[in-house]
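Student: Could you help me learn to read a structure like this one? I would like to go feature by feature.

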Amino acid sequence: MIVLGIETSCDETAAAIVTDGRDIRANKVLSQLAEHAPYGGVVPEIAARSHLDHIDRLVREAMDEARVGFDALDGIAVTGGPGLIGGVIVGVLTAKTLAQVAGKPLCNVNHLEAHALTCRLSDDVAFPYLLLLATGGHTQLVAVEGVGRYRVMGTTIDDAIGEAFDKTAKLLGLPYPGGPAVERAAKAGDPARHDLPRPMLGKPGCDFSFSGLKTAVAITVERLGHAPDVQEAADIAASFQAAVTDAVARRTRNAIEVFSALHPRARRLVVAGGVAANMALRTSLETLAASQGFTLTAPPLALCSDNAAMVAWAGVERLRLGLTDPLDFRARPRWPLGEVIGA
Ligand code: KG4
Ligand code: ZN
């Protein structure tokens, strides 16, 4: 089986070709970073126009690189949400048009599901597993039990984890995108320099909160009385990163308990989403997993941030089960991943 994937839900225009043998034949990603950087964040209107300018060429390049024609495809998978709706519509229209002209099955893929299943493309992970989904828009702990079977055990009650990194970067005067900039700065900083709060400390359950931590960073910066210099920014970045990773590890620890009650024999923790690129987070999750008798799987960086290989793979998974979508499905700005359980 060979599937074309299309991703346009945020600020990456992407097209990829993936087989059911877990072979990534092409994975083209065009980042719009430079276009949004002057604004310090993604501008939806600019994103949608840029997707429109580039998606045809990226699909062509992916097909050429994989040396396949449209005839050879078994299906076309596209992110149908959640995301910035103008961009999602560009991808969905492209996929619908190609599916109709080439007479191929179409898969409407939830972007979060694509992140959630990536570890099965990269590492052939078996169901069920406990997933920490950490992106710019979402922070969730999910029991992934099968394709389309997701139990959300915890979610953020305010900011997403990636958003917290991005806002911290802004407060520190670090460049956009914030996550990688904070991680880079933190390398030269002292994580014990500022005692920042661990959100939800001691509270039961697996939900997250990051807005209090962001406020604490803002207050710390304010107290300096001037824009932070390089060392001051590094120390705050390191202290922030330590607080985030500590808080996330504690919530994930609670989730392991809930997950283990559901699936006593499963022992796999997976981290996915753009923030999974963060090495401090990976290390702290690795330590946690080991202490609980779990193994941590983190897909390679290129598959953690937004890409179309994960969308194509979700298409493979869905097509294998005979799941396809009609040409008239609608792009969705919001699309929760699955059933929410009280944890
Ligand atoms: O999954 P993703 O590429 O897009 C969404 O679906 O949101 O995640 C993007 C988020 C951004 O907030 C970005 O700052 C964050 O992931 N991020 C990081 C790192 N690399 C990307 N956060 C912390 N450390 C990193 N190294
Ligand atoms: Zn994403």
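Student: In which strand does T79 lie?

Tutor: Helices (H or I, at least four residues) and strands (E, at least two) are DSSP runs, numbered from the N terminus. T79 lies in strand β4, residues 75–81. Before we go on, some ground rules: this is a predicted model, in which local features need pLDDT of at least 70 and side-chain atom pairs count only at pLDDT 80 or more, while totals for chains, interfaces and linings use all residues. Residues are numbered from 1 along each chain as its sequence is written, chains are lettered from A and ligands numbered from 1 in the order in which they are written, and side-chain values use heavy atoms, with hydrogens and water left out.

Student: Is T79 buried or exposed?

Tutor: Buried means under 20% relative accessible area, exposed over 50%, and partly exposed in between (1.4 Å probe, protein chains only). T79 counts as buried because its relative accessibility is 1%.

Student: With which side chain does the side chain of T79 make a polar contact?

Tutor: A polar contact is a pair of N or O atoms within 3.5 Å; within protein, one must be able to donate a hydrogen and the other to accept it, and residues adjacent in sequence count only if both atoms are side-chain atoms. Here the partner is the side chain of E7, at 2.6 Å. For contact in general, the cut-off is heavy atoms within 4.5 Å. Not counting residues up to four places away in sequence, T79 touches residues including V88, V109, H111 and V311.

Student: H111 brings me to the metal. Which residues coordinate the zinc ion (ligand 2)?

Tutor: Donors are N, O and S atoms within 2.8 Å of the metal (3.2 Å for Na, K and Ca); water is not among the atoms, so sites may look incomplete. The zinc ion (ligand 2) is coordinated by NE2 of H111, NE2 of H115 and OD of D306, at 2.1 to 2.2 Å. Their spacing in sequence is H-x3-H-x190-D. H111 and H115 are both buried.

Student: Why are H111 and H115 separated by about one helical turn?

Tutor: An α-helix has 3.6 residues a turn, so residues three or four places apart point the same way. H111 and H115 are separated by about one helical turn because they are 4 residues apart in helix α4, residues 111–122.

Student: What about the geometry of the zinc site?

Tutor: Four donors count as tetrahedral if all angles lie between 85 and 135 degrees; four count as square planar and six as octahedral if opposite donors are over 155 degrees apart and all others between 65 and 115; anything else is irregular. The site of the zinc ion (ligand 2) has angles of 93 to 146° among its 4 donor atoms and is irregular.

Student: How many residues of α11 are buried?

Tutor: In helix α11, 11 of the 12 residues are buried, including V311, W313 and L319. Just after α11 comes G322, with a positive phi of about 75°.

Student: Which residues have the most contacts inside the largest nonpolar core?

Tutor: In soluble globular proteins, nonpolar side chains tend to be buried together. A nonpolar core is a set of buried Ala, Val, Leu, Ile, Met, Phe, Trp, Tyr and Cys residues joined through side-chain atoms within 4.5 Å. The largest has 45 residues, and those with the most contacts inside it are L130, I161, F240, V244, V248 and L285. Helix α8 gives the most to this core, with 11 residues. Apart from it lies another core, of 34 residues, among them A14, A114, L117 and V316.
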